Amino acid sequence: MPTLEFLRFINSYARLPDDFYDRPPPAPFPQPYRVAFNEKAAELIGLDPEEANRAEFVNAFTGQVPLPGMEPVSMVYAGHQFGVYVPRLGDGRAVILGEVEAPDGGRWELQLKGSGPTRFSRSADGRAVLRSTIREYLASEAMHGLGIPTTRALTILGSDMPVYREEVESAAILVRMARSHVRFGNFEYFAHSGQEQRLKELADYVISHHYPELAERDNPYLALLEAVVERTAGLIARWQAVGFAHGVMNTDNMSILGLTIDYGPYGFLDAYDPGHICNHSDPQGRYAFDQQPGIAWWNLACLAQALLPLIDANEEAARERATAVLDDFEVLFDRAWQERMGEKLGFLEVRDGDRELVSRLLALMAESSIDYTRFFRAVGRFHEPGWYGGIRWGFREPEAFDAWMGDYCDRLDQEDRPDEDRLAHMLSVNPKYILRNHLAQMVITQAEKDRDFSAVDGLRRMLERPFDEQPELEAYADLPPEWASEIKVSCSS
Ligand code: AMP
Ligand code: MG
C-alpha cells in the first residue's frame with residue numbers, strides 16, 4: 001500500500017477563478033494527536049493505514065505542512081438558513097485540500113473541517129470541537145454502513161487548544177472526503193449576486209467533473225436540476241426509511257451530488273415519532289423528521305431558482321421548465337419511499353394498498369412510541385416461536401396491531417416468496433445497530449473526560465456492519481437508557 005508521498009493531489013476547484021474561494025493561511029493547531037482513524041476510508045484513497053502514525057500525516061491533515069499538490073481553499077457559498085436567505089456564508093472553518101486520485105480511477109476531495117478562520121468565518125473562530133467532530137465522524141460512517149449516500153470521514157486530529165462554546169471545549173479537525181463538497185448554496189451565491197458568468201462556470205465545473213453524461217443533453221443545466229432532484233428524492237426516502245433526521249436542512253447543507261452532508265444536531269429515531277425534532281435550536285420544528293421531504297423540495301426550488309438564468313434566457317420559459325422538473329420530486333420521492341418501506345416489510349414490489357398499509361403501521365407505532373429500529377428488525381420473524389408476542393406487547397392497542405398483522409400476512413401471501421428468503425432480505429435492509437444519541441454521547445464523554453479515544457473507532461467498526469449480528473455488542477442494540485432523553489443536541493459545534 002502506498003505511502004503519503006504517493007498520494008497525488010490536484011485541486012481542480014482551485015483552478016476556478018479567484019472569486020470562488022479564499023486561500024486562508026494555515027492556522028496553528030498546537031500539539032496535535034490522533035483521535036480516530038478510519039482505515040476503510042484510507043483504503044478508498046489507497047493510503048496505507050500505517051501512514052497515520054507518521055508526523056507527516058498529522059502535519060498535513062492539520063493543515064500545517066501541506067503535501068505536494070495540496071492547495072487549501074475555502075469555498076464561497078450562500079444559503080437559505082431556516083428559510084432566510086443569507087447572501088454570504090462560505091467555508092468559515094474548512095478548507096478543501098484537493099482531490100486524490102484514487103485506486104478506483106475516480107477522485108476523492110479531502111477537506112479539513114475545523115482548520116481555522118477564513119474570510120468567511122464572520123465573527124466565529126473557525127474551529128470545531130472534539131464533540132462535534134466525533135458526532136460527524138461516526139454519523140457519516142454509520143450512514144455509509146447503512147447504504148446511504150454520504151460524505152466520508154478519514155480521521156479526527158485533536159489538540160488541547162481551548163475552544164469556547166457554552167463551555168470551554170477542546171479543538172479537533174475532521175478530515176472529510178467526498179467526490180465534491182459543492183452545495184446548493186454555491187449556486188445561490190453566484191445567482192443572487194448577479195454573477196451569471198460565474199454561475200455558468202460553476203455549473204459547467206459540476207457537470208464536467210460529476211455529471212459528465214449530462215453535457216450531451218439538449219439543456220445540460222435543466223438536466224442537472226433533474227439529476228439533483230432525482231438523487232435528492234432517493235436520498236430523503238432513505239433517510240425516512242432508516243429514521244434519520246438531519247436537523248439543519250439549510251440549502252448550504254444540501255449536496256449537489258445528493259449526499260448527506262454537514263452532520264450537526266442530527267438524530268436517529270428511537271421511538272417512532274413523526275414530528276421528532278432532533279435539533280434543540282429548532283423549536284418551531286422546521287426540520288422535524290416528517291418535514292424533511294417537503295423541505296427537500298423547498299430547497300430544490302431554491303436551487304432551481306438559482307439555475308433559471310442558465311436554463312433559458314427567457315425567464316418565463318425557464319421558470320416553466322424548472323417547475324416541471326420540480327413537480328417530479330413528489331412522484332420520485334413517493335416511489336422511492338414506497339420501495340424502501342416495502343423492502344423493510346419484505347415485499348418484492350410496490351403494490352396498490354401498500355402505502356395505506358405502511359401508514360397504518362406507522363400510525364400505530366407513533367401512538368405507542370414503538371422503537372423504530374427494533375420493530376423493523378423483529379417484525380420479519382413474526383412466525384417464529386415466541387416472536388409475535390414480543391413484537392405485539394409494546395402496542396397500546398394490541399388488537400389494532402393484530403388486525404394490521406392480519407392484513408400484512410395477506411399482503412405477504414400475494415407474493416410467492418419463501419419465508420427464509422424474505423427474512424434474509426429483511427435483515428439485510430433493517431439494521432440491528434444504529435447510531436443512537438446515547439451511544440455517541442457515551443463515546444464523547446469517554447473522550448472528553450478520560451481522554452480515552454479508543455471507543456470512537458470501536459463504535460465506528462460496529463456501525464460499519466449494522467445489518468450483521470454482533471453478539472458481543474448485543475447491548476448496543478438495546479433500547480436507549482432513561483438518561484438518553486436528557487441529551488440535547490444543538491447547532492453549537
Ligand atoms: P453549519 O451550521 O455547520 O453548516 O455552518 C453554517 C455556516 O457557519 C457555514 O458557513 C460554516 O462555515 C459557518 N460556521 C459554523 N461554525 C463556525 C465556526 N466555529 N467558525 C467559523 N465559521 C463557522
Ligand atoms: Mg454547513
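**Questions and answers on a predicted structure**

Guide: In this predicted model, a polar backbone atom of Gly92 lies 2.7 Å from an oxygen atom of ligand 1.

Visitor: What makes this pair of atoms in Gly92 and ligand 1 a polar contact?

Guide: A polar contact requires a pair of N or O atoms within 3.5 Å. The pair formed by Gly92 and ligand 1 stands at 2.7 Å, and therefore falls within the cut-off of 3.5 Å.

Visitor: Which residues around ligand 1 come nearest?

Guide: There are 17 residues around ligand 1, and the nearest of them are Gly90, Gly92, Asp125, Gly126 and Asn253.

Visitor: Why is strand E10 said to be largely enclosed by the rest of the structure?

Guide: A residue is buried if its relative accessible area is under 20%. In strand E10 (residues 152–164), 10 of the 13 residues are buried, so the strand is largely enclosed by the rest of the structure.

Visitor: How do you know that E10 pairs with strand E3 and with E11?

Guide: Two strands pair if at least two bridges are found between them. E3 (residues 33–37) is joined to E10 by 4 bridges, and E10 is joined to E11 by 10 bridges. Each number reaches the required two, and therefore both are pairs. E3 and E10 run antiparallel, as do E10 and E11.

Visitor: Which residues stand opposite one another in these pairs?

Guide: Phe37 faces Thr155 in E10, and Arg152 is opposite Met177 in E11. E10 and E11 form a hairpin, with 3 residues between them.

Visitor: Why does Gln31 count as exposed?

Guide: Exposed means over 50% relative accessible area. Gln31 has 69% relative accessibility and therefore counts as exposed. Gln31 is located in the loop between strand E2 (21–22) and E3. Its phi is near 40°, a positive value in a residue other than glycine.

Visitor: Why is Arg451 called partly exposed?

Guide: The term covers values between the cut-offs of 20% and 50%. Arg451 has 35% relative accessibility, so it counts as partly exposed. Arg451 belongs to the loop between helix H14 (437–450) and helix H15 (454–464). It has a positive phi of about 55° although it is not a glycine.

Visitor: What is the volume of the largest pocket?

Guide: The volume of the largest pocket is about 810 Å³. Its lining has 37 residues, with Gln81, Arg93, Arg122, Cys491 and Ser493 the closest to the centre. H3 gives the most to this lining, with 3 residues. By class, the lining of the largest pocket has 12 nonpolar, 13 polar and 12 charged residues.

Visitor: Which helix gives the most to the lining of the second largest pocket?

Guide: H10 gives the most to that lining, with 5 residues. The second largest pocket holds about 640 Å³ of space. Of its 26 lining residues, Asp371, Arg374, Phe375, Gly390 and Leu479 are the closest to its centre. Helix H10 (372–379) and helix H11 (387–392) are the elements that give two or more residues to the lining of the second largest pocket.

Note on methods. Residues are numbered from 1 along each chain as its sequence is written. Chains are lettered from A and ligands numbered from 1 in the order in which they are written. This is a predicted model: local features need pLDDT of at least 70, side-chain atom pairs count only at pLDDT 80 or more; totals for chains, interfaces and linings use all residues. Side-chain values use heavy atoms; hydrogens and water are left out. On a 1 Å grid over the protein atoms alone, a cavity is a set of points where a 1.4 Å probe fits but cannot get out, and a pocket is an open set with protein on both sides within 12 Å along at least five of seven lines; lining residues have an atom within 4 Å of a point. Grid points are joined across faces, edges and corners, and a volume is the space filled by probe spheres set on the points. Ala, Val, Leu, Ile, Met, Phe, Trp, Tyr, Cys and Pro count as nonpolar, Asp, Glu, Lys and Arg as charged, and the others, Gly among them, as polar. Buried means under 20% relative accessible area, exposed over 50%, partly exposed in between (1.4 Å probe, protein chains only). A residue is near a molecule or strand if one of its heavy atoms lies within 4 Å of it. A polar contact is a pair of N or O atoms within 3.5 Å; within protein, one must be able to donate a hydrogen and the other to accept it, and residues adjacent in sequence count only if both atoms are side-chain atoms.
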